[in-house]
Amino acid sequence: MSLKGLTNACLFVLLLLAGIADAQSRTESGSTTRTPWGDPDLQGIWNYWTFTPLERPDDLQGEKALTSEEAAQLAQKLRQRALAGDQAVRPGDPGGYSQEVWTDRNKAKALTQPALIVNPPDGKIPPLTDEALKRAEAHRAAGGHPVRTRTGGVGVNGPEDRGVAERCILGFSTGPPMLPGGYNNNIQLFQAQGYVAILLEMNHDARIVPIDGRPHLPDGVRQWMGDSRGRWDGNTLVVETTNFTDKTASFSLTGLALGSAEHLRLTERFTRVDAKTLMYDFTINDPATFTRPFTGRFPMNLTSEPMYEYACHEGNHAMGNMLRDARALESRNPERK
């Protein structure tokens, strides 16, 4: 490289570093942060753990917000309940997780909003349509395959009998959409011109979201995490995801799968409201499953803690151990087959 070329390269690096430093200083001052190419800067590692329930409890109907003291009391009550359950399980289950050590439930945090669901106003998941109920019953009567729950299953004859999280296909609660779960409540956002990447700590999946206006994949191309396309609405990143597979649910909770995701349109909104807070909204729109769309909202908090590789496939001893245990039980008690 010539001296002139080397000088230009050094100048480019200095300008880039200056832009990053300027962006960081504007973040710390609380004003809107921009990437060097002008998009709102959402980058960072974000944690979204909270004890706030997904649906509004019946005893909080009509409450628009909790006080800080009420939220703290709720978080402490749910934390103690988790620890009590941990103590009840651990003595007879050497493989059980310690809630105090291995999960995020040792952090007694709750929001002042009564539930994560903010629309409809009652904070409840809308009822299933009549057709969705009929399909669910037919699915169960046919043996329950494909298994759409994240955890649990329909038997122990093989991996296909178990939930998609037990098979390391999708995380327990990292969606999409993302929901607070027992642990690994972290994502990392990366940005480049024309793209945003959403890295999920569990199961260490990455969604690459084009924001250049390209259309979705053809309808016949179906993916476990769908096909995402993004756009900017002011300072908010709006991500529309379609093309989900019917092998997963339209909406999943621990041990519960509602509907089939083949007709799901998921809308997510990411808004950086201050230097350390990213507001996350999701809207489930699946008229084949639910009688109306519903929306959840909660903040994600900037963290300095690192992301860890959730090597589920490489360390998934549980699946093999579970199936071997089932075969051992059958050999001692043949009528169990």
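**Exercise 1. Classify Phe270: buried or exposed?**

Step 1. Phe270 has a relative accessible area of 0%.
Step 2. Buried means under 20% relative accessible area, exposed over 50%, and partly exposed in between, with a 1.4 Å probe and protein chains only.
Step 3. Phe270 is therefore buried.

Before going on, note the ground rules. This is a predicted model, in which local features need pLDDT of at least 70 and side-chain atom pairs count only at pLDDT 80 or more, while totals for chains, interfaces and linings use all residues. Residues are numbered from 1 along each chain as its sequence is written, and side-chain values use heavy atoms, leaving out hydrogens and water.

**Exercise 2. Describe the ring pair of Phe270 and Tyr280.**

Step 1. A pair of aromatic rings is described by the distance of the centres and the angle of the planes.
Step 2. Rings of Phe, Tyr and Trp (its six-membered ring) pair if their centres lie within 6.5 Å; planes under 30 degrees apart count as stacked, over 60 as edge-to-face and the rest as tilted.
Step 3. Phe270 and Tyr280 are 5.2 Å apart, centre to centre, with 50 degrees between the planes, and the pair is tilted.
Step 4. Now place the partners. Phe270 is in strand 10 (residues 265–274) and Tyr280 in strand 11, 10 residues apart. Strands (E, at least two residues) are DSSP runs, numbered from the N terminus.
Step 5. Tyr280 is buried, with a relative accessible area of 0%.

**Exercise 3. Which residues touch the most other members of the largest nonpolar core?**

Step 1. A nonpolar core is a set of buried Ala, Val, Leu, Ile, Met, Phe, Trp, Tyr and Cys residues joined through side-chain atoms within 4.5 Å.
Step 2. The largest one has 37 residues, and Ile187, Phe251, Phe270, Phe282 and Met300 touch the most other members.
Step 3. Strand 11 gives the most to this core, with 4 residues.
Step 4. Apart from this core lies another, of 8 residues, among them Trp49, Phe51, Ala71 and Leu74.
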